[in-house]
Amino acid sequence: MKSQILTSRPSSTLTGTNLSPSSLSTLFTTQFRYYYDYSDTSYDNDNDRRNLEKLVRTRCKSGKLELDEALGFFDSLIRTRPLPSIFAFNHLFGALSNKNHCPAVVSMYRQSMNCSRHFRPDVCTMNTVIKCLCRLKKVDLGFSVLAALYKRGLQPDAHTLNTLLHGLCTQGSMVAAMELFQDILDKKHPCNEFTYATIINGLCKAGKTSKAFKLLKRMYDDERIIPSVHCFSPIIDSLSKEGQMDEALSSFKQMIKLGVVPNVVTYNSLVHGLCKYGRWEEAKRYLIDMLHNGISPDVQTYSVLIDALCKEDKIEEAISLFELIIREGIEPDVVTFTSLISALCNSGQSDEAAQFLENMTSRGISPDIVTYNTMLDSLCKEGRTRKALDLMEAIVDRGVLPNVVTYSTLIHRLCHSCQWTEAIELLHKMKDHDVSPDVITFSILIDSLCKEGRIKEAIAMFDLMIQRDIRPDVVTYTSLLSGFCHVGELEKAEILFDDMVSQHIYPNIITLNVLINAYSEKGLMYKAQKLFDRITQLGGEPNQVNYNTLIKGYCLQGKVDRAKDILEEMVSRGVLPDLLSYNTLVEGYIKGKRIDVALVLLKDMIQKGLLPDHVTQNMLTIILSRRA
């Protein structure tokens, strides 16, 4: 978008002369029907026309205007001669826009421009149409209306440009939004604090908080436009979400210093951030400050506090706060309930969670798929598969569409309980609800099949995944590698490993340990060591499990001194040996009849603070009996 953005005349406009009807007809298919007696009447005298205008204005201001009635009013307005005042059209367009009947507004505007040369929209008309086009994600057509506005000799106001700016930000076109913003400033087009607030909010949503902060600083350094709370709130919210709480609090103090009064949204962002990072006393202080300033907490404030308490496992306090807001007459929302349901499920109280779900629906609050997924996951973890499947059916009956998380959760549970037929049926059922399985869904199935030794079926599932253009990830490959190793198919595992690397999917420590363990168990320690060394050469950091696998492998071959070298290397690299490391090595030395070394290792183990377990005790008994 060039600097001429506000003066250009795009060829495809929504004016009567330049409109391409087919392009909008496909977008907006509103049919104007005649429902009312006055729709067949032309108002040929001033009194009748004034009465029609008054009726339109009254109905629009009532907030009760429905679409069918509006269509009848529009037909009467457009057929009246002389044409009624543009204010009547503006009332009608505005009322429909407020009810989000955006396609109808654009269609009415198009028909007005095409049907009557007497129709003379003003800036208010154009602003409403631009707003509707932006809501419909047709910002390019919004700029066409702007061009038509210029063509009619009108000048946009700040609201016009702010709407287009907001449209660009909403659709993520931040480069174009910044160019438009700069054009507004350079050419001294109408601009106010909401212009700055819009671009600041857009930058924050795009993760460019530092740029937004610089723009805010430039704004209050300039002093021509005083920043509003809407300029500060997005920055404070973004900083809080990013964990930069000190910077968020500093911005809040700067806002107060400039005389800008915070609102409930500003306080909610701060309280949420402070609670999230465990700064409870500060959160409490800002809540008190909020009340002292006469700002009443809303449902979002309480939801933030309830969610924070739930995440701190303070469920009783969260429920007490929930009961308090009910008594105060504040209606909880889906977020409030979901936080409590999730906390109860995570603590194994699924029956209590079900009661909250019932309470939620009895209050006319519809649970969303996140709420239901939380309940399903809890039931599955508790092994209550039948109840989870019944809930799944209830979800569909209530008109809530399951998503890929819903299906993957249930499939995981069915696989875990070896209900393979039901799991595969559920996979196929996903297609009926237009839900595509993702890499996690397939990985669950492949991993479960491999663990059951059903390697041929796992390979078939892997092939199906490829056929559906779903790219396997390191988890998928690791599961299949483990499956091959489990059934002793090391050559196939190596081929799969090479295929994985050729696809630029790089193994993690767990993947490599699968192969190291397989080589160790087969006595192929040269291969295991080579792969282990390759990890360190590539900058990887072997973990405790990798080292223990090597120690075990060398001990199985009777190479206990080499295993001891691995233990020492482990310590030198800052990886702490565990009880398994020592027990494996001690057992190796006992089998090699080198009791003195075994005793030294046991002493070293105890000095490192590791308490002997029953395995250690048994080995110690063997040592003592042999010495005796």
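Residues are numbered from 1 along each chain as its sequence is written, and side-chain values use heavy atoms, with hydrogens and water left out. Because the model is predicted, local features need pLDDT of at least 70 and side-chain atom pairs count only at pLDDT 80 or more, while totals for chains, interfaces and linings use all residues.

The structure holds 22 salt bridges (a salt bridge is a side-chain nitrogen of Lys or Arg within 4 Å of a carboxyl oxygen of Asp or Glu). One of them joins Asp246 to Arg279, with the closest N and O atoms 3.1 Å apart. Asp246 lies in helix 13 (residues 245-257) and Arg279 in the loop between helix 14 (264-276) and helix 15 (280-292), so the pair ties together parts that are 33 residues apart in sequence. Helices (H or I, at least four residues) are DSSP runs, numbered from the N terminus. Arg279 is partly exposed, its relative accessible area being 23%; here buried means under 20% relative accessible area, exposed over 50%, and partly exposed in between, with a 1.4 Å probe and protein chains only. Asp246 and Arg279 also belong, with Glu282, to a network of salt bridges.

Asp307 is buried at 18% relative accessibility, whereas Lys311 is exposed at 64%. In another salt bridge, the closest N and O atoms of Arg573 and Glu569 are 3.4 Å apart. Arg573 is partly exposed at 48% relative accessibility, and Glu569 is partly exposed at 23%.

Two packed helices are described by the angle between their axes and the distance between the axes. Axes are lines fitted to C-alpha atoms, for helices over the stretch in contact, and angles run from 0 to 180 degrees between N-to-C directions. Helix 7 (residues 139-151) and helix 8 (residues 158-170) pack at about 160°, and their axes are 10 Å apart. Helix 7 is therefore roughly antiparallel to helix 8 (angles over 145 degrees count as roughly antiparallel). Their crossing is left-handed, a term used if the near helix is turned anticlockwise from the far one by less than a right angle. Val139, Gly142, Phe143 and Leu146 of helix 7 make the contact with Thr160, Leu164, Gly167 and Leu168 of helix 8, where contact means heavy atoms within 4.5 Å. These residues divide into five nonpolar, three polar and no charged. Ala, Val, Leu, Ile, Met, Phe, Trp, Tyr, Cys and Pro count as nonpolar, Asp, Glu, Lys and Arg as charged, and the others, Gly among them, as polar.

For helix 2 (residues 46-62) and helix 3 (residues 67-79), the axes come within 11 Å and cross at roughly 155°. This angle makes helix 2 roughly antiparallel to helix 3, and the crossing is left-handed. On the side of helix 2, Leu52, Leu55, Val56 and Arg59 meet Glu69, Phe73, Ser76 and Leu77 of helix 3. The contact comprises five nonpolar, one polar and two charged residues.

Leu426 is located in helix 23 (residues 420-432) and is buried, at 6% relative accessibility. Leaving aside residues up to four places away in sequence, Leu426 touches Tyr407, Leu410, Ile411 and Leu414. Between Leu426 and Val261 there are 54 Å in space, C-alpha to C-alpha, and the two are 165 residues apart in sequence.

Technical notes. Helices (H or I, at least four residues) and strands (E, at least two) are DSSP runs, numbered from the N terminus. Angles under 35 degrees count as roughly parallel, over 145 as roughly antiparallel, 65 to 115 as roughly perpendicular and the rest as oblique.
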